[in-house]
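Hi everyone, thanks for coming. Let's take a look at how the pieces of this chain pack together.

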Amino acid sequence: MSAKESALARPRILVTNDDGVAATGLRALAAALRQIAQVDIVAPDHNWSASGHSKTMDRPLYVRATTLADGSPATMTSGSPSDCVAMALLGLLPSRPDLVVSGINQGANLSTDLVYSGTVAAAREAVFAGVPAIAVSLNSVSSDEYGPAAAFCVCLAQQLLAQRWEKPAFLNVNVPALPASAIRGVQVTRLGTRVYRDALVAREDPRGRPYYWIGGEPPTGIAEPGTDFGALNEGYISVTPVSTDLTDYQRVDVMAPWAEILGSTLAGAQGQA
Ligand SMILES: [Mn+2]
């Protein structure tokens, strides 16, 4: 294979995150994925953790070229993580990526965290656009040891790029904050149950006005086997295939007879009016 052909065969991966373009986890992820792909980085210019899935429609979005601490080029935007992916796929990138990887987030994203998570929102935005995506998080809010998580992302990306699935995969990955030798393996899981321990903290500002923080203890979870929290709790890497479909199918069936009941109730109400 000529050099030109091998460059053509090299997959393109878009790397983004929600911790901001300066985050260590983003650099570690991009550096690892460069072993197997041509990597583009488009990330927010500041931390958007727990910002959920958003689309900025009421203000302009600015885009600037920057250089990361390891010397690699990157693009930063004033938008949210999902804005970054949307803009990248709508034309900021010279061509469409084969895969989007979001992370490596500092802190686990498990269970209902997926609704709050900007890391996961960025991956979901790619899936909305038909591009497979992985969201990856390290189970520590303080550790900067991204090596094992980055190495795993390379393995998973290679495996995923080899598939020719019609429906783009949407994978949520959590890696224990342990040395590689202490990680027990990999489990493919379902989402488990988070237990939030939020508490409302009321204080007073210097002008005597009350203000609030949503504080409290960090969330925990139910360590059920087969779940993301269960796997991580046992020292395994958790890979959860997730869906963009929010339908509650059981309740669709339970509520099917409501259509007629509500229809006649509405007709009756309109008849009286
Ligand atoms: Mn984050």
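**Core and helix packing**

In the largest nonpolar core, which has 54 residues, the ones touching the most other members are L29, L33, V101, I134 and C153. By nonpolar core I mean buried Ala, Val, Leu, Ile, Met, Phe, Trp, Tyr and Cys residues joined through C-beta atoms within 7 Å, where buried takes 20 or more other C-beta atoms within 10 Å of a residue's own, with C-beta atoms placed from the backbone. Please keep in mind that this is a predicted model: local features need pLDDT of at least 70, side-chain atom pairs count only at pLDDT 80 or more, and totals for chains, interfaces and linings use all residues. Numbering starts from 1 along each chain as its sequence is written.

Leaving aside residues up to four places away in sequence, L29 touches V15, V101, G103, I104, A150 and C153; contact here means C-beta atoms, placed from the backbone, within 7 Å. Another core, of five residues, lies apart, and its members include A108, F229, A231 and L232.

Now, which helices pack here? Helix α2 (residues 24-33) and helix α6 (residues 147-161) have axes that come within 9 Å and cross at roughly 40°. That makes α2 oblique to α6, oblique being whatever is left after under 35 degrees (roughly parallel), over 145 (roughly antiparallel) and 65 to 115 (roughly perpendicular). Axes are lines fitted to C-alpha atoms over the stretch in contact, with angles from 0 to 180 degrees between N-to-C directions; helices are DSSP runs of H or I, at least four residues, numbered from the N terminus. On the α2 side, A28, L29, A32 and L33 make the contact, and on the α6 side G147, A150, A151, C153, V154 and A157.

Definitions and conventions:
Helices (H or I, at least four residues) and strands (E, at least two) are DSSP runs, numbered from the N terminus. Two residues are in contact if their C-beta atoms, placed from the backbone, lie within 7 Å. A residue is buried if 20 or more other C-beta atoms lie within 10 Å of its own, exposed if 12 or fewer, and partly exposed in between; C-beta atoms are placed from the backbone.
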